[in-house]
Structure formats: structure tokens, C-alpha cells
Amino acid sequence: MRRVWVGLFGVAVLGLAAGAVAQTAPAMHAEPVAAMSTSVAEDLPDAPMAATAQTETPMRVAPRYHLDIQADETAQSLDIRQKYVLAAYQDVNGNIVGPSFLAAAFSQLLNSDPKYGTNLGAFGQRYGAAILRETSQQMLYGGVGDSLFHDDPRYYILGDGHGIFRRAWYAATRVVITRTDDGGERLNAPLLLGYLGAAALTQAYYPAPSRGAGIVFKTYGGSLGGVALGFGYHEFLGDALRIAHLKKN
């Protein structure tokens with residue numbers, strides 16, 4: 001028993017010495033002292049096995065102004081100015097061109113609101129109105145709303161480590177659930193209020209037959225459905241590209 005106590009005392013002394021040496025010359029002396037401590041520990045009858053250091057591969061850091069954060073990426077924090085920059089970037093880099101074109105084409109096909117008519121000029125007007133609506137949605141949601149509520153405007157992809165139905169449900173529920181700046185979750189007030197504000201603003205540029213409270217809430221509901229589909233697009237786009245052999249695993 002006395003030999004055990006002596007051995008433990010020796011380990012403590014060597015550990016203190018290793019700490020002192022590591023602070024002054026870690027590159028030259030830290031590893032030999034650690035090796036001596038391990039050797040002494042192995043000689044003790046009841047000493048626990050030395051822990052083996054494991055090197056973990058660090059996660060990739062996502063570019064600051066990417067709207068999608070992959071499952072294997074770490075997001076950079078966004079301050080208020082950067083949230084406005086991200087919202088503006090989505091407006092000018094072409095991300096709203098496709099959704100606006102589809103919305104205008106659908107409205108043209110059904111001759112729904114905004115009621116500009118059915119000729120080619122009417123489609124141009126619908127397309128312009130859709131661009132305005134998408135732009136205002138981005139700024140009121142990702143810029144104003146997320147800055148006021150301290151929420152994160154980016155979409156965090158769940159990834160293929162989960163089932164398809166789990167991922168589809170996750171994408172759809174991001175309409176009402178968002179991530180906060182500190183990584184928590186809560187009601188997506190910026191999106192819900194921002195899209196309502198954008199729907200209300202359409203009354204400033206929609207034609208007279210497409211004005212009124214009923215049209216505002218109809219536009220609002222359609223916009224929420226569209227953003228849910230958009231989240232699903234972001235969630236499964238990588239899988240579709242891999243299936244088409246356009247993206248590496």
C-alpha cells in the first residue's frame with residue numbers, strides 16, 4: 001500500500017512538472033513528460049488506463065452569405081447589418097427570378113390576382129409585380145424581422161441522415177418555427193409578419209380589381225405555401241443533384 005501512495009505522489013509531482021514545462025516550452029518538453037507520466041501510471045497496480053487523444057475532423061465553415069447551411073457545415077454569426085446584406089443579396093443574385101416567373105406564369109394561366117389580363121403585356125406586369133412582392137418579402141422577413149427578433153434568416157438543412165418524411169415535415173414546419181441567433185427554436189414571427197406586410201404592400205401596386213382585404217389574405221396564404229415549397233426545394237436539392245450525378249457526395 002505504501003508503494004502505491006509513493007507512486008501516486010510521484011505521478012502528481014510529474015503532472016505538476018509537466019504543466020510547468022508545457023507553459024514555458026510546449027514544443028520541446030510536453031510530449032516526453034506526458035510519456036513519463038503514462039509509464040509511471042502503467043506501473044501502478046490500480047491505475048486507470050491513459051486516455052487516448054482523438055483527433056476529430058472539423059466541420060466546414062459555411063460562407064457567411066449562403067442562405068442554406070448544410071448538415072455538415074458550421075454557420076458564421078450574422079449581425080444586423082449582415083442580415084440586411086444577406087436579404088439584399090437574395091434579391092439581386094437571381095434567387096427570386098425563378099420563383100417570381102413561376103408565380104407570374106401560374107397567375108397568367110388561371111387569370112388570377114393580380115388581374116392584369118391574359119395577353120403578353122399582362123404577363124410582363126404580373127412578373128414585375130411578383131418581383132416586387134418577392135423583394136419586399138425578403139427585406140421585411142430576413143432584414144427587418146430577423147434583426148428585430150434576433151433570429152437567423154438562413155435555412156439549416158436536416159440532411160440525408162434522416163428519413164424523407166422527417167425531412168419533408170421539417171422543411172414544411174420551418175414556416176412557423178425558426179432558429180434564433182443563439183441556436184434555439186421559436187415561432188417564426190419574422191416570416192409570418194414579414195410576409196403579411198409584403199401582402200399588404202401589394203395594394204400599392206396591384207390593379208384596382210385586385211385590391212381589398214380578401215386579396216391581401218389570399219396573397220398571404222399563397223406566399224406561405226410557396227415558401228414551404230421553397231424550404232422543401234432547399235432540403236432536397238442536394239439529393240436531386242447527386243441522383244443526377246451533378247454533385248459529389
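1. A nonpolar core is a set of buried Ala, Val, Leu, Ile, Met, Phe, Trp, Tyr and Cys residues joined through side-chain atoms within 4.5 Å, where buried means under 20% relative accessible area with a 1.4 Å probe and protein chains only. The largest such core has 19 residues, and Val175, Leu191, Tyr195, Leu224 and Phe231 touch the most other members. At least two residues each come from E5, helix H6 (164-173), helix H7 (189-201) and helix H8 (213-243). The greatest contribution, 5 residues, is that of H8.

2. The model is predicted: local features need pLDDT of at least 70 and side-chain atom pairs pLDDT 80 or more, while totals for chains, interfaces and linings use all residues. Numbering starts from 1 along each chain as its sequence is written, and side-chain values use heavy atoms, without hydrogens and water.

3. Contact means heavy atoms within 4.5 Å. Apart from neighbours within four places in sequence, Leu224 contacts Val175, Leu191, Leu192 and Tyr195.

4. The protein has 8 helices and 7 strands, taken as DSSP runs (helices H or I, at least four residues; strands E, at least two) and numbered from the N terminus. Of its 249 residues, 34% are buried. Of contacts between residues at least 6 apart in sequence, 59% join residues at least 24 apart.

5. The lining of the second largest pocket comprises 7 nonpolar, 4 polar and 5 charged residues. Here Ala, Val, Leu, Ile, Met, Phe, Trp, Tyr, Cys and Pro count as nonpolar, Asp, Glu, Lys and Arg as charged, and the others, including Gly, as polar. E6 supplies the largest share of this lining, 3 residues.

Definitions and conventions. Buried < 20%, exposed > 50% of the residue type's maximum accessible area, 1.4 Å probe, protein only.
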